[in-house]
Amino acid sequence: MSLRFQLIVRILFLFVCILILGGSIAIWRAREAVTEEVGSSLNLALQLVKFGFSKPASATMKESDWIYWLSALRETRHLDIRVQQPTGETIQVTRSLQSEDQPDMPPGWFVSLVTADYAETHYPIVMADGKALMLIIQPNPMDETVEVWHETVAFFITLCLLIILIFLAVHQTLHKTLRFIDTIVDGVRRIETGQYREVLPRFSIQEYDSIAGAINHMAGVLDKTREENRALTKHSLKIQEEERRRLSQELHDELGQSLTAIKVMAVTAAHEKADTRQITESISHICDHLMAIVRSMMHQLHPLILTELGLKATLEDMVNHWSERNPWLNLTIECPDELDSLDQNVAIQIFRVIQECLTNTIRHAEAKHVKIVLEILGENRDCLHLEVADDGRGCDINRISSGFGLRGIQERIKSLDGELSVRSQPGQGMAVSATIPIL
């Protein structure tokens, strides 16, 4: 079921409960009011009768006088008063409202709920001539029942009007809320399709405006990440093409020229007067040179030593290689033998991260010392900590965060579910730290 349907059903159920409770209270109060009013009228009539027919007064009261006096009780509501003669004949003195007297009388079920069976009250009267009469007072709550019926109807009409107004207000608020939700859902669907730059509007309700702001911020971050990924992909393709061009150039310049020279020397050696010894030495030097070039190219493409001897030996070999190429740079490395048991994918990513760090240091840092530290941490030895620190000129972190070298390192560490942190200040070197789970 939709949210709108659920809320409408629950609101209607609540309103029905309110009507039932309000009706029960109204009928209970109406019954109390009728009982109290009828009781008060009966007590008042009895007091008046007792006062009017007290012994001193009744001793001198004639029949015409007491008939006139009883007629004055017509103003007393809710009572039917009759006088019973000694012969059994009754005279109707007062008569209250009956159900057939008015067309707008309350329905029978209401009368039965708010009224009760009231017993007759008998009061004997002895006249001056010794004649004994019986005054019969019968409570009749019909006129009070009509009043409470009109009050109850007015109460229910007012209650229904209030319920209708509340329902309209809730429905209007619900309609507005659901419209906001539809707008937010449409915005999320646009984000799902990659339309990150179509932001959600501002909302008049604070909660929905906060949600829209969070979604717009998320869309902005996704758009920025997408642009960064596009730039990183372009940069990776560019590096790939440059690497292919460089390898092609080296193969053409070094391998092609060396093979041509070997071929020329082989042709020269075929002549009888050629200096075979000198030619063979030249060919041997050329072959050594080619082997060094091929080894260097293979090391750049994929270090075979990593597969054969493990990460520690590979890193030490890389440090020695970089130290030979950059004699002014003091490279030190600390790593345990446990690194050789790392997963091959983790090992190659760690190798590439350190390689990229050293490349950035050589190109930009102008450092004299670089220290590489690898250690296994954690109670269960399940965390690898890597730190590459130099004493170079350092730089502003915000400025280097947009570089492709650091971004490539971040992507490699992220692919291993690790965390990367970079610390640097101008003139105080740089430290790249990473924490990687290994279990």
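Me: What makes the approach of the Ser424 side chain to the backbone nitrogen of Cys395 a polar contact?
Reply: A polar atom of that side chain lies 3.0 Å from the Cys395 nitrogen. A polar contact is a pair of N or O atoms within 3.5 Å, one able to donate a hydrogen and the other to accept it; residues adjacent in sequence count only if both atoms are side-chain atoms. At 3.0 Å the pair is therefore within the limit. The side chain of Ser424 also has a polar atom 3.1 Å from the backbone oxygen of Gly429. The model is predicted, with pLDDT of at least 70 required for local features and 80 or more for side-chain atom pairs, while totals for chains, interfaces and linings use all residues. Residues are numbered from 1 along each chain as its sequence is written, and side-chain values use heavy atoms, without hydrogens or water.

Me: Why is Ser424 called buried?
Reply: Ser424 has 11% relative accessibility, so it counts as buried (under 20% is buried, over 50% exposed and in between partly exposed, with a 1.4 Å probe and protein chains only). Ser424 is in strand E8, residues 419–424 (strands are DSSP E runs of at least two residues and helices H or I runs of at least four, numbered from the N terminus). Beyond four places in sequence, Ser424 is in contact with Gly394, Cys395, Ile397, Gly429 and Met430, where contact means heavy atoms within 4.5 Å.

Me: How do you know whether Ser433 is buried or exposed?
Reply: The relative accessibility of Ser433 is 6%, so Ser433 counts as buried. Its place is in strand E9, residues 430–437. The Ser433 side chain has a polar contact of 3.3 Å with the side chain of Glu387 and another, of 3.2 Å, with that of Arg423. Glu387 and Arg423 are also among the contacts of Ser433 beyond four places in sequence, which include His385 and Leu420.

Me: What class does Ile438 fall into, and why?
Reply: Ile438 has 23% relative accessibility and therefore counts as partly exposed. This residue is in the segment after E9. The C-alpha atoms of Ile438 and Asp382 are 5.3 Å apart, although 56 residues separate them along the chain. Leu342, Ile376 and Cys383 are among the other residues in contact with Ile438.

Me: What makes Glu366 stand out, and why is it called exposed?
Reply: Glu366 is not a glycine, yet has a positive phi of about 55°. Most residues other than glycine have a negative phi. Its relative accessibility is 60%, so Glu366 counts as exposed. Glu366 lies in the loop between H10 and strand E6.

Me: Why is Asp417 called exposed?
Reply: Asp417 counts as exposed because its relative accessibility is 65%. It is in the loop between helix H12 and E8, and its phi is also positive, near 60°.

Me: Why are H9 and H10 called roughly parallel?
Reply: The axes of H9 (residues 311–325) and H10 (residues 344–365) cross at roughly 15° and come within 11 Å. Angles under 35 degrees count as roughly parallel, over 145 as roughly antiparallel, 65 to 115 as roughly perpendicular and the rest as oblique. H9 and H10 are therefore roughly parallel. Among the residues that meet are Leu315 and Trp322 in H9, and Phe351 and Leu358 in H10.

Terms used:
Axes are lines fitted to C-alpha atoms, for helices over the stretch in contact, and angles run from 0 to 180 degrees between N-to-C directions.
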